[in-house]
Amino acid sequence: HSMKSSPYQNGKGDIVKECAEACKRHGIKFGFYLSPWDRHEKSYGTDEYNDFYVRQLTELCTNYGDIFCVWFERDESGKQPYDWERYYKTIRELQPNAMICNCGPDIRWCGNEAGVCRKSEWSVVPYWHSNSELIAAASQKDVSKPPKKINPTALDLGSRKAIKNCNKLIWYPAEVDTSLRKGWFYHPEDDYSVKPLSKLMEIYYNSVGANANFLLNIPPTPEGKIAEKDLETLLAMGAQLDIDFNENLAEGSIITDNRHLDEKHTGQMALSEYPDKYWHSGDNPEGAELVLDLGDEYDIDKIVLGENIRTGQQIEKFKLYAMVNGKWKKVGAETTIGYKRICRFKEIRVRYFKLVIEKARCFATISKFEAY
């Protein structure tokens, strides 16, 4: 289980270096997956294994330039006393900008590998859903006790009911992962089970379009290439996304509101490209309205919304209306928005849209209001 035991370049090749350099040439951010669940290592199950694993982490975080993310694996067997704090510290010291995913403190695994996202995916959750926060809290007296069983697959992680008995919340956005094929590795017999474009687009809209990050596994062939069938599917998906989001028809439009915090946070700010400019409801968010005037009628089937997540995630319930034949017609009703919520509906020819905030925590913000 080592490159030196491989016939590749007579056992002297550095496949990680080649991959990192190829990513750099093509403008792709490079990250790596290193499972601590290495049952082939003789020291696995002992404290010495942590030294072995940290040496691997150190090598990967030192020799290959900027690392975008480090992806761990969750092992519930309990056979190995993992030194998570040491793992995180090693990455933070050597690659401070790297996102630590899955078992890490930065990105939360959604709880399944089927590409399924929650209807209400909160980025704000109780501290005990993160291993690092749970470890740190063990030595603190000012945090509430975690439940006896912590379930990452629970359907509700961030509602008011879910956070009620927790006095420490963390920002822990979700990642939805699934494979393009039946499994995580390439098998020729799976060529006819590659997910169709329609399924991939459904997963995209229900993950990226529902406040989550989407990780799509594309397994290389034994020759180190992407299978032709997989390539065709990925190109088709890229083309479909280009079609679906070809032109933001809200750009250059006008947004009015029925309330705002001050003149720097009016509804019009929701159309700004600058991250420090956004609409803010003030401390009375429920019943707040934003009306988008496109200036003319267009055929629209998608509205993209986003909160200003630099001030948190507050919106709990909203409705979206379109003016059809002089009357407001409801075209969407959702719960959370977060970083991004894509509201889809049957295509209509329309000029005006109205967003109504029905429920929010303390205040509401909108930094993204797009129409396609």
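How much of the accessible surface of the protein chain belongs to carbon and sulfur atoms? Of a total of about 20,600 Å², the share is 51%, with areas taken by the Shrake-Rupley method with a 1.4 Å probe, where for residues only the protein chains shown count as cover. Please keep in mind that this is a predicted model, in which local features need pLDDT of at least 70 and side-chain atom pairs count only at pLDDT 80 or more, while totals for chains, interfaces and linings use all residues. Residues are numbered from 1 along each chain as its sequence is written, and side-chain values use heavy atoms, leaving out hydrogens and water.

**Overall build**

- The protein chain holds 7 helices and 16 strands; these are DSSP runs numbered from the N terminus, with helices being H or I of at least four residues and strands E of at least two.
- Its radius of gyration is 23 Å, close to the 21 Å from the globule rule for 372 residues, so the chain is as compact as a globular protein of that length. The radius is taken over C-alpha atoms, and the rule is 2.2 Å times the number of residues to the power 0.38.
- Along the principal axes, the C-alpha atoms fill a box of roughly 70 × 55 × 30 Å.
- Buried residues make up 47% of the 372 (buried is under 20% relative accessible area, exposed over 50%, partly exposed in between, with a 1.4 Å probe and protein chains only).
- Among contacts (heavy atoms within 4.5 Å) with a separation of 6 or more, 72% link residues 24 or more positions apart.

**The open sheet**

- Six strands pair in parallel in an open sheet, in the order β1-β2-β3-β4-β7-β8; two strands pair if DSSP finds at least two bridges between them.
- At the edges stand β1 (32–33) and β8 (212–217), each with a single partner strand, so one side of each has no neighbour in the sheet.
- Strands β2 (residues 69–71) and β3 (residues 99–102) run parallel and are joined by 3 bridges. Here C69 stands opposite M99 in β3.

**Two residues with positive phi**

- As background, most residues other than glycine have a negative phi.
- N10, in the segment before α1 (15–25), has a positive phi near 55°. N10 is exposed, at 70% relative accessible area.
- N211 also has a positive phi, of about 70°, without being a glycine. N211 sits in the loop between α6 (197–207) and β8, and counts as buried at 6% relative accessibility.
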